[in-house]
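Trainee: I have a new model open and would like to learn how to read it. Could we go through it together?

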Amino acid sequence: MADKAVERGGCRFIAAQTADGKPTIAMELFHTVPSLATASIAFELLGGTTLAQAKALAEAMNERILGIVVAHS
């Protein structure tokens, strides 16, 4: 990534259920990362994952992940 333009932003993860009842984890940015300004980012989880498991996973991600790095070539 040394020779690429890099954008960084702090983020957090939130577990939620989709309209059809599937758990998902959404990423929320604390500050705008210009290349992601109009994007929303969420992670689909394996079938059978409960909302409680999704919440535990989001909590673990929040404890270990500081932010997002977007590199442009």
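This is a predicted model: local features need pLDDT of at least 70, side-chain atom pairs count only at pLDDT 80 or more; totals for chains, interfaces and linings use all residues.

Trainee: Happy to start with the overall layout! In what order do the elements of the protein run from the N terminus on?

Mentor: Good place to begin. The protein has one helix and four strands, and its C-alpha atoms fill a box of roughly 40 × 25 × 20 Å along the principal axes. Of its 73 residues, 22% count as buried. From the N terminus on, the order of the elements is β-β-β-α-β.

Trainee: Now the helix. Which residues of helix 1 are buried?

Mentor: Helix 1 covers residues 51–64 and reaches 20 Å from its first C-alpha to its last, close to the 20 Å expected at 1.5 Å a residue. An α-helix has 3.6 residues a turn, so residues three or four places apart point the same way. The buried ones are Ala54, Ala58 and Met61.

Trainee: Why do those buried residues line one face of helix 1, and what do they pack against?

Mentor: Seen down the axis of helix 1, the buried residues fall within an arc of 60 degrees, so they line one face. Their packing partners are strand 1 (5–17) and strand 2 (23–29).

Trainee: On to charges. How many salt bridges does a search of the whole structure find, and which side chains meet?

Mentor: Side chains of opposite charge can pair when their charged atoms come close. Here the search finds one salt bridge. Its N to O distance is 2.9 Å, and the side chains that meet are those of Glu28 and Arg12.

Trainee: Where do the two partners lie, and how far apart are they in sequence?

Mentor: At 35% relative accessibility, Glu28 counts as partly exposed, and Arg12, at 38%, is partly exposed too. Glu28 lies in strand 2 and Arg12 in strand 1, so the pair ties together parts that are 16 residues apart in sequence.

Technical notes: Residues are numbered from 1 along each chain as its sequence is written. Side-chain values use heavy atoms; hydrogens and water are left out. Helices (H or I, at least four residues) and strands (E, at least two) are DSSP runs, numbered from the N terminus. The expected span of a helix is 1.5 Å times one less than its number of residues. Buried means under 20% relative accessible area, exposed over 50%, partly exposed in between (1.4 Å probe, protein chains only). The arc is that of the directions from the helix axis to the C-beta atoms. Contact means heavy atoms within 4.5 Å. A salt bridge is a side-chain nitrogen of Lys or Arg within 4 Å of a carboxyl oxygen of Asp or Glu.
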